[in-house]
Amino acid sequence: MKTYLPLMSTREVREAAGRGAVALLPIGTVEGNGPLPLGYDYLVPEALARTAAEANGDVWLPPLTYGVSDSILAFPGTIAVSPDLVEQYVETIATGLIDSGFSHICLLTYHIPNHYPAAAAMRNVRRKTGVIMASLNPGSIQADLRGDLFPDDASIFGHGGEPGASLLEYLHPGSVRVDLARPSGKGDYQGLPLLSPMEARFGDSRVGLPVEMEGVSPSSGWGDASQPCAERGGALFRRMSDYVAEFTRHFRSMDTRIAPPAIAF
């Protein structure tokens, strides 16, 4: 059974939609990731979409490879698009899938700045078509499921660090530039420790402080990618893939056309 939309014929698409298949759309970025490949944020959701679709007889689409990466533009190879464009693409693709007969559409959305335009598109689709979509965040899934697979050391995790290094060593062996990996932390802005290009720590909480990525890290990454482990990455990927497959099976059983509750004044 074919699961990759570009390899299917129109008859096969009609048959898949008719049996209630879930359409999976991976969303990521092409951006600086320290010693990791530029495509990390789409390579992982792409692999998850493929394996989940193959497990359940669902359908997966080519990924949206470019995302909201404007804070990382100083690093060669980064290609950024606007939030409006991401929103338009997601809404247009979802509408096309619904027009083709699909009623269950699930996004695999990596990279935090992509989530806001994707969510706006999902709401637009529901208002216009009545279909509610779902979205899974591979970043949250890996953080929740990595458990005992990695050392209990927060300093190794991060953008361009673990567990991304081990996931890619499993999915694309040799793609991590271990020779360039240096354990590193994040910078500060006028004494405020930076948490990301969007936030800084102040006292017991955090504040919004949009900066460029080079202010957070001169290499575009932090954490530690110096010892990627394919075995560990494979174990984590299987946990993630099983989770995505389990959710999409459940999602297939849900009614995606239930109207929102009526408001009351």
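Q: In this predicted model, which residue forms a salt bridge with Arg206?
A: A salt bridge needs a side-chain nitrogen of Lys or Arg within 4 Å of a carboxyl oxygen of Asp or Glu. For Arg206, the closest N and O atoms of the pair are 3.0 Å apart. The partner is Glu199.

Q: How many residues apart are Asp58 and Arg252?
A: The side chains of Asp58 and Arg252 meet in a salt bridge, at 2.4 Å from N to O. This pair links distant parts of the chain: Asp58 lies in the loop between helix 2 (40–56) and strand 2 (59–60), and Arg252 lies in helix 8 (residues 230–252). The separation is 194 residues.

Q: Is Asp58 buried or exposed?
A: The limit for a buried residue is under 20% relative accessible area. Arg252, with 28%, counts as partly exposed. Asp58 has a relative accessibility of 1%, so Asp58 counts as buried.

Q: Which helix holds Glu12, which meets Lys2 in a salt bridge?
A: The side chains of Lys2 and Glu12 come to 3.3 Å, N to O. Lys2 is in the segment before helix 1 (10–18), 10 residues from Glu12. Glu12 itself is in helix 1.

Q: How many salt bridges does a search of the whole structure find?
A: Among them are the pairs Lys2 with Glu12 and Asp58 with Arg252. The search of the whole structure gives a total of eight.

Notes
Residues numbered from 1 in each chain as written. Predicted model: local features only at pLDDT ≥ 70, side-chain atom pairs only at ≥ 80, totals over all residues. Heavy atoms only, no water. Helix = DSSP H or I, 4+ residues; strand = E, 2+ residues; numbered from the N terminus. Buried < 20%, exposed > 50% of the residue type's maximum accessible area, 1.4 Å probe, protein only.
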